Amino acid sequence: MLFLYVGAEMGISAWISEFTVMTFKMSPSVGALAVSTFWLGILLGRILTSWLYQGRHPARALIGFGAGSAVSLLVALVIGQAWVAALMFFATGLGFSAIYPLGMTLTGQSLKQQQGVAIGVVSTGGGLGACCFPFLMSAIADQFGILSGFWFYLGLTLLMVLTMLGILLK
């Protein structure tokens, strides 16, 4: 799950500026602002989650945050208006905000006897996602256009949510 999450989060972060410039014909400074909007969503989401989340049912919370990120990213890609996309990229960041902390919490809770090893393996999976998916995105964007690359990231996000559902069922 974190392999997919970190790959999508870091990939979106790396490409959102280019997406904004190419798709909406915005200036590079507005594209940079789109990156800040995305990360502001992650920051505010992590702050609010730390204040408001009571620690009950982390797997369910994980699915809620994951589904929220997927729906927000879908709306950003479908609507076709810059201001809606900016708002939805912020919301995507909010959705992504608690996934890493909740994923680590579930890992630690599930594998109490081997927490260090488990968290190390899960973190490595996230690092692999961060390394691999932006390169794959660049190949997709080069061949089919940047919008296709963002559909790829939506696919990763949906696959992440399916993985979360598997975790909940387990």
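Visitor: What should I know about the model before we start?
Guide: This is a predicted model, in which local features need pLDDT of at least 70 and side-chain atom pairs count only at pLDDT 80 or more, while totals for chains, interfaces and linings use all residues. Residues are numbered from 1 along each chain as its sequence is written, and side-chain values use heavy atoms, with hydrogens and water left out.

Visitor: How many aromatic pairs are there?
Guide: The count comes to 12 aromatic pairs. Rings of Phe, Tyr and Trp (its six-membered ring) pair if their centres lie within 6.5 Å; planes under 30 degrees apart count as stacked, over 60 as edge-to-face and the rest as tilted. One of the pairs is F3 with F133, which is tilted, at 4.9 Å centre to centre and 55 degrees between the planes.

Visitor: Where in the chain do F3 and F133 lie?
Guide: F3 is in helix α1 (residues 2-24) and F133 in helix α6 (residues 115-144), so the pair links parts of the chain 130 residues apart. Helices are DSSP runs (H or I, at least four residues), numbered from the N terminus.

Visitor: Is F133 buried or exposed?
Guide: F133 is buried, with a relative accessible area of 8%, whereas F3 is partly exposed at 33%. Buried means under 20% relative accessible area, exposed over 50% and partly exposed in between (1.4 Å probe, protein chains only).

Visitor: Which residues do ring pairs link into a cluster?
Guide: The cluster consists of F3, F19, F24, F89, F133, F150, F152 and Y153.

Visitor: On to the core: which residues touch the most other members?
Guide: In the largest nonpolar core, of 46 residues, they are F96, I99, F150, Y153 and M160. Such a core is a set of buried Ala, Val, Leu, Ile, Met, Phe, Trp, Tyr and Cys residues joined through side-chain atoms within 4.5 Å. The largest share of this core, 10 residues, comes from α1.

Visitor: What does F150 touch?
Guide: Not counting residues up to four places away in sequence, F150 touches I12, W15, I16, F19, L73, L77, F89 and M137, where contact means heavy atoms within 4.5 Å.

Visitor: And what is the volume of the largest pocket?
Guide: The volume is about 280 Å³. On a 1 Å grid over the protein atoms alone, a pocket is an open set of points where a 1.4 Å probe fits, with protein on both sides within 12 Å along at least five of seven lines; lining residues have an atom within 4 Å of a point.

Visitor: Which element gives the largest share of the lining?
Guide: That is α5, with 4 residues.

Conventions. Points joined across faces, edges and corners; volume = space filled by probe spheres on them. Helix = DSSP H or I, 4+ residues; strand = E, 2+ residues; numbered from the N terminus.
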